[in-house]
Amino acid sequence: MTDAGFNADDIDTSKPQSARMYDYFLDGKDNYPVDWEAAEKVISFFPAVKEMARVNRDFMHRAARLIAERGVRQFLDIGTGIPTEPNLHQIVQRVTPEARVVYADNDPIVLRHSEALLHSTPEGGTAYIQADAREPEKILAAAREILDFEQPVSLSLVALLHLVAEEDDPYRIVSELLKSLAPGSYLALSHATGDFDAETWERVVEVYRKGGTSAQVRSRDEFAGFFAGLELIDPGIELAERWHPEPGGQYGRSEQIPLYVGVARIP
């Protein structure tokens, strides 16, 4: 399932785009000179940003695997980004081949590569929705075509909410999405923070905003607000590398990666 056909004219290469910049940080190929320029400005302010992108992706893998191991068979990943293997469905279908996964993103270049997200196991299923995170009702309506909302669903908003400005009310978006989920569902989040170097992150945020992308780092307390009413699983809110670290998971950097993460269950 995709929401619309791909049209190359929909890709705007006149200004940088967050998904393409993230792809650049991961050494991907789906980015353009305008993205390189903006990404290199970010790197000049925060040289560890490429490691941060990898740390974030590794958290997604660990969180998805843990939730699948806890018996969840349905996943809704919003803010998917350009596919980079292994994708979420590849992680969870290794644990449970019958898992069903719905991806959602609003970037036309992600739509161009959405076929890579649809190669499910025979027992499971995947789908892609072209939709904006600020339209949770549209995402939920389309997701119901493949997911059973009477059963637990894992909602993944990884590296998304720091691209949602305050005026778009990210707390409302998360609340609207969670209201549709059954007890026993999970929420997995990661979010950049300026808690350790506010001045640097003001500069990074400004690069995104000048390119037309909303950006907003948040404090630990602000991040915790997204989990209101939920049961955080151990170790609670933590820096990404400290959340269920895997043996040998070192990134060889001398500075802290300012990325809060958490996974919580709907009681």
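**Salt bridges in a predicted model**

Visitor: How exposed is Arg265, buried or partly exposed?
Guide: The model here is predicted. Buried means under 20% relative accessible area, and exposed means over 50%. Arg265 has a relative accessible area of 31%, so Arg265 is partly exposed.

Visitor: Which side chain meets Arg265 in a salt bridge?
Guide: Arg265 lies in strand S8, residues 259–265. The partner lies in strand S6, residues 231–232, so the pair ties together parts that are 34 residues apart in sequence. The N to O distance is 3.7 Å, and the partner is Glu231.

Visitor: Is Glu231 buried or partly exposed?
Guide: The buried class stops under 20% and the exposed class starts over 50%. Glu231 has 40% relative accessibility, so Glu231 counts as partly exposed.

Visitor: How many residues apart in sequence are the parts that Arg20 and Asp35 tie together?
Guide: The side chains of Arg20 and Asp35 meet in a salt bridge at 2.6 Å, N to O. Arg20 lies in helix H1 and Asp35 in helix H2, so the parts tied together are apart in sequence by 15 residues.

Visitor: Where does Arg112, the salt-bridge partner of Asp30, lie?
Guide: Asp30 and Arg112 meet at 2.9 Å, N to O. Asp30 sits in the loop between H1 and H2, and the pair ties together parts that are 82 residues apart in sequence. Asp30 is buried at 17%, whereas Arg112 is partly exposed at 36%. Arg112 lies in helix H5, residues 108–112.

Visitor: How many salt bridges does the structure hold?
Guide: Among the linked residues are Asp132, Arg134 and Asp168, in a network of salt bridges. For the structure, the number of salt bridges is 12.

Technical notes: Residues numbered from 1 in each chain as written. Predicted model: local features only at pLDDT ≥ 70, side-chain atom pairs only at ≥ 80, totals over all residues. Heavy atoms only, no water. Salt bridge = Lys/Arg side-chain N within 4 Å of Asp/Glu carboxyl O. Helix = DSSP H or I, 4+ residues; strand = E, 2+ residues; numbered from the N terminus. Buried < 20%, exposed > 50% of the residue type's maximum accessible area, 1.4 Å probe, protein only.
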